[in-house]
Amino acid sequence: MSLIVKLEDEEQTRCHILLYNNVKNAADVRQLIMKGQVEASLIKPEMLVDPFQVLVAANKAVRSLAAKKMVTRSVFAEIIFNLSPSKNITDSLKNFGLGDSDTEILAVVLDQESGEKLQKLNGQIKGQQTALTEMLNLTNSAKIKQLYKVTDADLDVSNLLDAVISRMACKEFLIM
């Protein structure tokens, strides 16, 4: 139901990606995030093309954390920031972060072997954990193309995932 990948940092951090649907308490969870009581990145799945996009953002975030070069205050906000083509943190959180009325959530938990953070998150979200393959049914390609400024010409030589990953990876160099 979830995807677990070891990231490329020295600690070999385990990145868990989970999808929840029928979430009933998004506003409450968002308040917990603001209080620093949620140890995860909670993302709108409609803004994601593929879980690989999240892995790229998470890997970049743990590397920034290790190098003490994070742009945001937490590694979880850094993951969301890295998903965005914008250098504006507020815009990144608005576009990709959990909203009060969201009923689907993609959660990214960075944990070691114990899995404590994962268990805590499962207790905080009132929703059903579902197969990650369902994420593809939630993707809003039109919104993604608009946000990342992906043109039909881009899609003639590549696919949407490649176009998005390229823009994420190179946002420091792009003027958008």
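Biologist: At what angle do helix 2 and helix 9 pack, and how far apart are their axes?
Modeller: Helix 2 (residues 51-66) and helix 9 (residues 160-169) pack at about 15 degrees, with axes 10 Å apart. Axes are lines fitted to C-alpha atoms, for helices over the stretch in contact, and angles run from 0 to 180 degrees between N-to-C directions. Helix 2 is therefore roughly parallel to helix 9 (under 35 degrees; over 145 is roughly antiparallel, 65 to 115 roughly perpendicular, the rest oblique).

Biologist: What sort of model is this, and what is left out?
Modeller: The model is predicted, and local features need pLDDT of at least 70, side-chain atom pairs count only at pLDDT 80 or more, while totals for chains, interfaces and linings use all residues. Residues are numbered from 1 along each chain as its sequence is written, and side-chain values use heavy atoms, without hydrogens and water.

Biologist: Back to the pair. Is the crossing of helix 2 and helix 9 left-handed or right-handed?
Modeller: Helix 2 crosses helix 9 in the right-handed sense (near helix turned clockwise from the far one by less than a right angle; anticlockwise is left-handed). On the helix 2 side the contact (heavy atoms within 4.5 Å) uses F52, Q53, V56, A57 and K60. Helix 9 brings L161, V164, I165, M168 and A169.

Biologist: How do those contact residues divide by class?
Modeller: There are 8 nonpolar, 1 polar and 1 charged. Ala, Val, Leu, Ile, Met, Phe, Trp, Tyr, Cys and Pro count as nonpolar, Asp, Glu, Lys and Arg as charged, and the others, Gly among them, as polar.

Biologist: And helix 7 against helix 9, what angle and distance?
Modeller: Helix 7 (residues 141-148) packs on helix 9 at about 35 degrees, with 11 Å between the axes. This crossing is left-handed. S141, I144, K145 and Y148 of helix 7 meet L160, V164, R167 and M168 of helix 9. The classes are 5 nonpolar, 1 polar and 2 charged.

Biologist: How does helix 2 sit on helix 3?
Modeller: At an angle of about 130 degrees, with axes 8 Å apart, which means helix 2 is oblique to helix 3. The crossing is right-handed. Helix 2 contributes residues including Q53, A57, A61 and L65, and helix 3 contributes V75, E78, I79, N82 and L83. By class, that contact has 9 nonpolar, 3 polar and 2 charged residues.

Biologist: Change of topic. How much space is in the largest pocket?
Modeller: About 650 Å³. Its lining has 21 residues, and I33, M34, S74, A77 and L93 are nearest the centre. Helix 1 (26-34), strand 3 (41-43), helix 3 (75-83) and helix 4 (89-96) each give two or more residues.

Biologist: Which element gives the most to that lining?
Modeller: Helix 4, with 4 residues. The lining divides into 11 nonpolar, 6 polar and 4 charged.

Biologist: What about the second largest pocket, what volume?
Modeller: About 180 Å³. Among the residues lining this pocket are D9, E11, T13, L110, D111, Q112 and K117. Helix 2, helix 3 and strand 4 (105-111) each supply at least two, and helix 2 gives the most, with 3 residues.

Biologist: How does the lining of the second largest pocket split by class?
Modeller: It splits into 6 nonpolar, 2 polar and 4 charged residues.

Biologist: What counts as a pocket here?
Modeller: On a 1 Å grid over the protein atoms alone, using a 1.4 Å probe, a pocket is an open set of points with protein on both sides within 12 Å along at least five of seven lines, and lining residues have an atom within 4 Å of a point. Volume is the space filled by probe spheres set on the points, which are joined across faces, edges and corners.

Biologist: And what counts as a helix or strand?
Modeller: DSSP runs, numbered from the N terminus: helices are H or I, at least four residues, and strands are E, at least two.
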